[in-house]
Amino acid sequence: MALIGHFIDGKVVTPAARTAPVFDPSTGQQSGEVLLASTATVGEVVASAASAFPGWADTPPLTRARIMFKFKALLDRDMDKIAEAITREHGKTFEDAKGEVTRGIEVVEFACGIPHLMRGDFTEQVARGVDVFSARHPVGVVAGITPFNFPAMVPMWMFPVALACGNAFVLKPSEKDPSASLLLAELLIEAGLPKGVFNVVQGDKEAVDALLTHPDIAAVSFVGSTAIGEYVYKTACAHGKRAQALCGAKNHLVVMPDADLDKTVDALMGAGYGSAGERCMAVSVAVAVGGVGDALLEKLVPKVQALKVGPGLDPESEMGPLVTKAHFDKVKSYIDDGVAAGAKLVVDGRGLRLQGYEGGYFLGGTLFDDVTPDMRIYKEEIFGPVLSVVRVPDYEDALKLVNDHEYGNGAAIFTRDGDAARAFDRDAKAGMIGINVPIPVPVAFHSFGGWKRSIFGDRNVYGMEGVGFYTKMKTTTARWPTGIRSGAQFVMPTTG
Ligand code: NAD
């Protein structure tokens, strides 16, 4: 049984600790045992990062960028190994896992430009003989607390930018699929990152609380569910830290009557059922506008029925299992709840049995029609392969649904009408909009973040938002001795 440890001071360590089992979701068999750090272990990890920080902060940005270039090359080299580790613990298909690593690599590529991205401002002669310049400084030791659904990509939304900016980083990955984090840590060392600059501490609430309250943690980035994210954000802020928490979602895809239905159905299939719906940018609500519902369902139902569900390492599989038995039970209970609430269950994914994988957490693609906004399956994030169709008479009603929902991560519209698309882009209350694009996860040189209760804090992750979050500005006003006027001045200095 693999013992999955922490990564402290450049190596994997496995001190005696509480542990939690890690499972292969395609078989239901336990594959490993992950350590759950105590407060004392978190203290050791933070101490290692704090002692590595000054040297790293002093390292020229170009040198830091060169390490990122090497890290990127190593990620390319080990792509399959990392993707396989993800599939074995998360369950998503191998190709999808490679896609996840690729999206993480894109942030590393962005971070390779850090000498330019951190470049400061200089204004000469703001007064006679006086110049002003601004520079970005790293904030210190920063922590990243990440969810199970992207065990490589979400950490890489954070640490490449944080490290390139000169910070030391402590990653607390999900205890459900912790192995990818150690592979990333080892590659950073191979790329030349000094020991202690990047550390991994495995754990649960005890480890998170220890990070949130530790005086040497300067900033906390969190990605996960809304309830935990709100707690993390408030606790980190109450302890004087910079914080950002990216949280849950219920993403709507509005289908206008003029949409290309074949393309719309393909988009709904990928965005609704890809990664078994365990994506914060998954589409979980299709809003059928103005009578398009029947034609949409006619094309959608056979595709959902034909979805190939199987183990993630089988190249034939389009969708793998859910991550844990507990999550499987939760998603299944939402389907039961939808039926009890009167939604029309058009395709039922419960009861799927795969020969040879009877212990796996497989649920078939599930489709509800006639879902209404008062139902739990509409209001709450299910995070499984369950798509709800809500029928509305017109665009205004579709927009109202999007805007009245408590979450506002992403929203999409499928239409050929430029006016409708532009109006939706301006009016929808969500942080990421897709126009004939179902999962509008922004590229690395833009940034990712939702609105409403899909985010706490005022900064998105990665892109220039990431550079802003992981740096603090210092602005210097300078005069050389020959420019100093004689005598003290007691009035507010002005130019001239
Ligand atoms: P989660 O909130 O259960 O866990 C996230 C992290 O918090 C993990 O590291 C976990 O160990 C830790 N944690 C769990 N319980 C805790 C507690 N009581 N106290 C302190 N820390 C705790 O989320 P998850 O189930 O791993 O991930 C799925 C969620 O993440 C979904 O809601 C999804 O929408 C969200 N998500 C959001 C984004 C985004 O960018 N908005 C991206 C990916 C996932």
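How much area is buried between domain 1 and domain 2, and what percentage of it do carbon and sulfur atoms give? The structure is a predicted model, in which local features need pLDDT of at least 70 and side-chain atom pairs count only at pLDDT 80 or more, while totals for chains, interfaces and linings use all residues. Residues are numbered from 1 along each chain as its sequence is written, and side-chain values use heavy atoms, with hydrogens and water left out.

The domain assignment gives domain 1 as 2–247 + 454–476 and domain 2 as 251–435, with bounds that come from an automatic or database domain assignment. Taken over C-alpha atoms, the centres of the two domains are separated by 31 Å. To return to the opening question, about 1900 Å² is buried between domain 1 and domain 2, and carbon and sulfur atoms give 61% of that area. Buried area here is the accessible area (1.4 Å probe) that two parts lose on being put together, summed over both. In residue terms, 21 residues of domain 1 are in contact with 24 residues of domain 2, contact meaning heavy atoms within 4.5 Å.

We can now turn to helix packing. Helices (H or I, at least four residues) are DSSP runs numbered from the N terminus. Their axes are lines fitted to C-alpha atoms over the stretch in contact, and angles run from 0 to 180 degrees between N-to-C directions.

Helix α2 (residues 61–77) packs with helix α7 (residues 179–190) at an angle of about 130°, the axes being 9 Å apart. The two are therefore oblique to each other; angles under 35 degrees count as roughly parallel, over 145 as roughly antiparallel, 65 to 115 as roughly perpendicular and the rest as oblique. On the α2 side, M68, F71, L74, L75 and R77 meet L184, L187, L188 and E190 of α7. By class, this contact has seven nonpolar, no polar and two charged residues, where Ala, Val, Leu, Ile, Met, Phe, Trp, Tyr, Cys and Pro count as nonpolar, Asp, Glu, Lys and Arg as charged, and the others, Gly among them, as polar.

Helix α2 also packs with helix α6 (residues 153–164): their axes come within 9 Å and cross at roughly 150°, so α2 and α6 are roughly antiparallel to each other. Here R64, M68, F71 and L75 of α2 meet M156, F159, P160, L163 and A164 of α6. The α2 contact with α6 has eight nonpolar, no polar and one charged residues.
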